2 protein chains.
Amino acid sequence: MLKMSHDSSKKMKKVCSSIEGGSDLDVAIQKNLEAVDVFQIEIDNLNMKASEEILKIEQKYNQQRKPIFKKRGEVIKNIQNFWFTAIMNHPDLSSIVDEREEECLQFLNKIEVEEFEDIRSGYQIEFHFDENPFFENAVLIKEFHLEPVGSPNSQSTQIKWKDNNDLTKNTDNNFGKSGGRKRRLESKSFFLWFIDNVDPVSDDIAEIFKDDLWQNPLQYYLVPDIEETNAPENDEDSDSSSVVEIQETEEQ
Amino acid sequence: MLKMSHDSSKKMKKVCSSIEGGSDLDVAIQKNLEAVDVFQIEIDNLNMKASEEILKIEQKYNQQRKPIFKKRGEVIKNIQNFWFTAIMNHPDLSSIVDEREEECLQFLNKIEVEEFEDIRSGYQIEFHFDENPFFENAVLIKEFHLEPVGSPNSQSTQIKWKDNNDLTKNTDNNFGKSGGRKRRLESKSFFLWFIDNVDPVSDDIAEIFKDDLWQNPLQYYLVPDIEETNAPENDEDSDSSSVVEIQETEEQ
């Protein structure tokens with residue numbers, strides 16, 4: 001989290017040795033800087049202890065959440081187009097899905113997010129698909145290796161596209177449905193995002209899958225109206241619009 | 001953190017009651033959605049417990065860090081221009097300090113960041129100044145009230161500018177020194193930031209003061225060379241440039 005003080009000590013020696021002459025004032029500054037460095041070591045140690053304790057708590061609750069997520073996944077499998085609907089209702093995720101991908105994502109029957117044992121070290125997102133006209137794979141996995149060893153990297157399952165169905169080709173002008181939406185994320189398509197492993201540390205979309213959609217997909221499945229959270233709390237008024245939107249989804 | 005399931009239950013009733021006829025399939029979907037909602041409640045409860053435990057740990061360590069920060073502040077007071085130098089060496093903070101503010105910030109003798117007892121509820125940043133030609137105040141405080149009651153807001157001490165020295169006026173074209181720097185933050189000046197309370201929830205600069213500079217100012221005081229972290233780890237080579245930069249600061 002924070003730079004270790006070992007570093008500053010080294011740098012401090014350089015500073016001090018570079019002050020020529022070594023007057024009383026310089027010596028005083030040096031002494032003070034050393035004292036600040038000692039405090040910094042104490043703070044760093046406390047931060048480290050705090051991080052470790054917090055990590056343990058997160059791991060403990062991850063273990064407790066895991067079986068619930070598993071059971072949830074099994075139930076969700078029985079709700080047709082659950083994940084597709086949740087994605088298309090999500091203000092950020094929907095904006096990366098282009099028209100042909102919409103067709104494809106209707107074959108998505110399960111999403112699973114798994115954090116690694118040491119949750120700092122990374123996570124993976126699994127997309128499970130029914131047999132479909134677009135590719136051969138049953139599961140597409142995007143895997144993030146973040147800490148603490150090696151440089152961060154991500155990997156994606158190689159997609160075995162069926163003839164002429166590579167959805168990562170010619171997607172540039174295909175954002176038919178998202179024209180009116182505010183584009184908060186870089187404009188790539190779902191599959192362009194999936195295969196992009198250039199900057200795994202700032203993969204906003206992966207984080208939305210992991211920290212938002214996965215944590216509570218039901219709210220997106222049920223609430224297509226993005227504006228609703230800002231609207232006044234009036235049940236009667238908001239009723240009609242939600243229902244109409246959901247019915248549309250049901251009919252598709 | 002996550003929306004409580006109470007909300008989704010209400011919305012689910014709407015969805016279900018809007019499915020006309022109530023065929024076996026609809027009933028099945030409804031049952032499945034209800035099951036997903038029960039899992040969501042379990043997950044929400046675990047999340048809440050996890051947050052509470054993490055909060056307690058953070059509070060515990062905040063208490064332990066506090067006296068160290070206090071002692072650190074006293075020592076730093078004896079190092080002339082410590083905070084000014086750290087700010088000017090900080091890649092983000094330096095970019096908001098305009099030329100006249102540089103002069104003013106040399107009177108800054110202490111920064112203190114204090115998180116409120118319930119750390120979710122907010123924090124304040126105190127800037128202590130020696131007597132100076134710019135304003136009457138000895139302390140300028142920017143205070144953030146974030147959660148859990150009321151809408152988030154921030155307040156700043158009203159600055160009593162001395163004659164013709166209001167640094168928030170006519171600052172637009174004054175960014176003399178920062179021309180070559182990458183501007184990662186909105187281009188406001190330090191004092192324009194200080195008095196700006198429009199969007200307290202996304203006050204990036206306040207967060208940099210709280211989470212970065214305050215946590216480890218020594219690293220910025222000692223390391224003016226922003227690029228250094230990307231440079232190869234070669235002590236001999238990097239020596240000369242660091243030292244030169246620091247000497248420049250000493251001479252100012």
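Reader: Which residue stands opposite B:Glu114 in E2(B)?
Author: B:Gln124 does. Helices (H or I, at least four residues) and strands (E, at least two) are DSSP runs, numbered from the N terminus.

Reader: What kind of model is this, and how are things numbered?
Author: This is a predicted model, where local features need pLDDT of at least 70 and side-chain atom pairs count only at pLDDT 80 or more, while totals for chains, interfaces and linings use all residues; side-chain values use heavy atoms, with hydrogens and water left out. Residues are numbered from 1 along each chain as its sequence is written, and chains are lettered from A and ligands numbered from 1 in the order in which they are written.

Reader: Back to chain B. How many bridges join E1(B) to E2(B)?
Author: 7 bridges, and the two strands run antiparallel. Strands pair if DSSP finds at least two bridges between them. E1(B) covers residues 108–115 and E2(B) covers 122–129.

Reader: What do E1(B) and E2(B) form, and how many residues sit between them?
Author: They form a hairpin, with 6 residues between them.

Reader: How many residues of E1(B) are buried?
Author: 6 of its 8, which leaves E1(B) mostly covered. Buried means under 20% relative accessible area, exposed means over 50%, and partly exposed is in between (1.4 Å probe, protein chains only).

Reader: What is the strand order in the sheet of chain B?
Author: E1-E2-E3-E4, in an open sheet of 4 strands with antiparallel pairing. E1 and E4 (153–156) of chain B stand at the edges. Each has a single partner strand, so one side of each has no neighbour in the sheet. From one strand to the next, the twist averages 10°. Axes here are lines fitted to C-alpha atoms, for helices over the stretch in contact; angles run from 0 to 180 degrees between N-to-C directions.

Reader: And how many bridges join E3 to E4 in chain B?
Author: 4 bridges join E3(B), residues 139–145, to E4(B), and the pair runs antiparallel. B:Lys142 stands opposite B:Ser156 there.

Reader: Switch to chain A. What order do its strands take?
Author: The order is E1-E2-E3-E4, again 4 strands in an open sheet with antiparallel pairing. Strands E1 (108–115) and E4 (153–156) of chain A are at the edges with a single partner strand each, so one side of each is left without a neighbour in the sheet. The twist averages 10° from one strand to the next.

Reader: What about E2(A): how many of its residues are buried?
Author: 8 of the 8, so E2(A) is largely enclosed by the rest of the structure. Both faces are covered. One side has A:Gly122, A:Gln124, A:Glu126 and A:His128. The other has A:Tyr123, A:Ile125, A:Phe127 and A:Phe129.

Reader: What lies across E1, E2 and E3 of chain A?
Author: Helix H6 of chain A, residues 204–213. H6 runs at about 85° to E2(A).

Reader: Where does A:Ala86 lie?
Author: In helix H3 of chain A, residues 82–89. A:Ala86 counts as buried, at 0% relative accessibility. A:Ala86 touches A:Leu213, A:Pro217, A:Tyr220 and A:Tyr221, leaving aside residues up to four places away in sequence. Contact means heavy atoms within 4.5 Å. The C-alpha atoms of A:Ala86 and A:Val223 are separated by 8.5 Å, though the two are 137 residues apart along the chain.

Reader: Now both chains. At roughly what angle do H2(A) and H2(B) cross?
Author: Roughly 175°, and their axes come within 10 Å. Each H2 spans residues 24–76. That makes H2(A) roughly antiparallel to H2(B). The residues of this contact divide into 26 nonpolar, 8 polar and 16 charged. For angles, under 35 degrees is roughly parallel, over 145 roughly antiparallel, 65 to 115 roughly perpendicular and the rest oblique. Ala, Val, Leu, Ile, Met, Phe, Trp, Tyr, Cys and Pro count as nonpolar, Asp, Glu, Lys and Arg as charged, and the others, Gly among them, as polar.

Reader: Last one. How many disulfides over all chains?
Author: The count is 0, where a disulfide is a pair of cysteine sulfur atoms within 2.5 Å. A:Cys104 is buried at 0% relative accessible area, and B:Cys104 is buried at 0% too.
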